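Here are my notes on the charged pairs, written as numbered points. Keep the model open while you read.

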Amino acid sequence: MKNNIIIFGTALIIVSLLLFGFTNRNSSNESTSSKSNDLAFVNSNLEPINNKTPDLYFGIDTQGAAINKTDIDKATTIYDFLNEGEKEQIAYLNSVEIIIIKDGRRTDIREFGESDQLTDAQIKLIRSAELFSQFSIRTDFKAKNSKTGRLEERFFNPHLTIVPEKQVTYTNGKEALINYFKDNSKDNMNAIKTNSFNAVMLYFTVTKQGDISNVYQRQMSTGYPSIDEKFIDLIKNIPGKWIPAENAKGEKIDQELVFTFGPRDGC
């Protein structure tokens, strides 16, 4: 009898130990599972909101289409400012208005005409404009609809910048300059969380000594200050050399350029 009690007690202890170990293992598994879920949740928050790289535009040029000062001094008709495709569209010209632009805005300095021939006042206005002045030419006309054959009201409104015969030149080439901005701003692009963001235009001057000066930003911004500031810093530290612009007398002069960055479909 005594032996039976001992055997039963021993068996009970063994079963208890097995049950305790099984319970502990389940508890440990549940805890590990819970931690695993927590990590997965944290990691999911680290995923970028935008997995698609936006199609970006980088550009450096004058503001508006460039037109040589010598061409301005020779112009007598609206057709001197249009390309062949634009000329062919005009079936009947209604009016031409030349408008001076300052600080990116149209001014009240303007002259109106009603034919393709520029008026004396219009000619005087554009010929008296200084280098790097900007103006727009609002041309209202009738064009034939290629499908219906009917005349329709249309207009051109190009923005032009008067430039010297010899503009400023970056010795390493424009492609190298664009690649400099692309390569050195890659890390900053991680700030962009959506495909919809604004373009920014940053202005800077290449002096007659070939130096960068007067880097500034108007009201336009990408909406990401870190990106705006990065490009301003990159402009101030462009490597390589610049060949300054020259006027008609061959004298070196300052020239302002514009760096543009933004979504390609918005520039």
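1. Let's start with R138: with a relative accessibility of 25%, R138 is partly exposed (that label covers the range between buried, under 20% relative accessible area, and exposed, over 50%, using a 1.4 Å probe and protein chains only). R138 pairs up with D140 through a salt bridge, 3.0 Å from N to O. The term stands for a side-chain nitrogen of Lys or Arg within 4 Å of a carboxyl oxygen of Asp or Glu.

2. A quick word on where this comes from: the model is predicted, so local features need pLDDT of at least 70 and side-chain atom pairs count only at pLDDT 80 or more, while totals for chains, interfaces and linings use all residues. Residues are numbered from 1 along each chain as its sequence is written, and side-chain values use heavy atoms, with hydrogens and water left out.

3. Next, have a look at E152 and R154, whose side chains form a salt bridge at 3.4 Å, N to O. E152 is partly exposed at 30% relative accessible area, and R154 is partly exposed too, at 31%.

4. Which residue does K166 form a salt bridge with? The partner is E246, with the closest N and O atoms 3.3 Å apart. K166 sits in the loop between β7 (159–163) and β8 (169–170), while E246 belongs to strand β12 (residues 245–246), so this pair ties together parts that are 80 residues apart in sequence. (Strands are DSSP runs of E, at least two residues, numbered from the N terminus.) K166 is partly exposed at 37% relative accessibility, whereas E246 is buried at 17%.

5. And the whole structure? A search of it turns up nine salt bridges.

Note on methods. Helix = DSSP H or I, 4+ residues; strand = E, 2+ residues; numbered from the N terminus.
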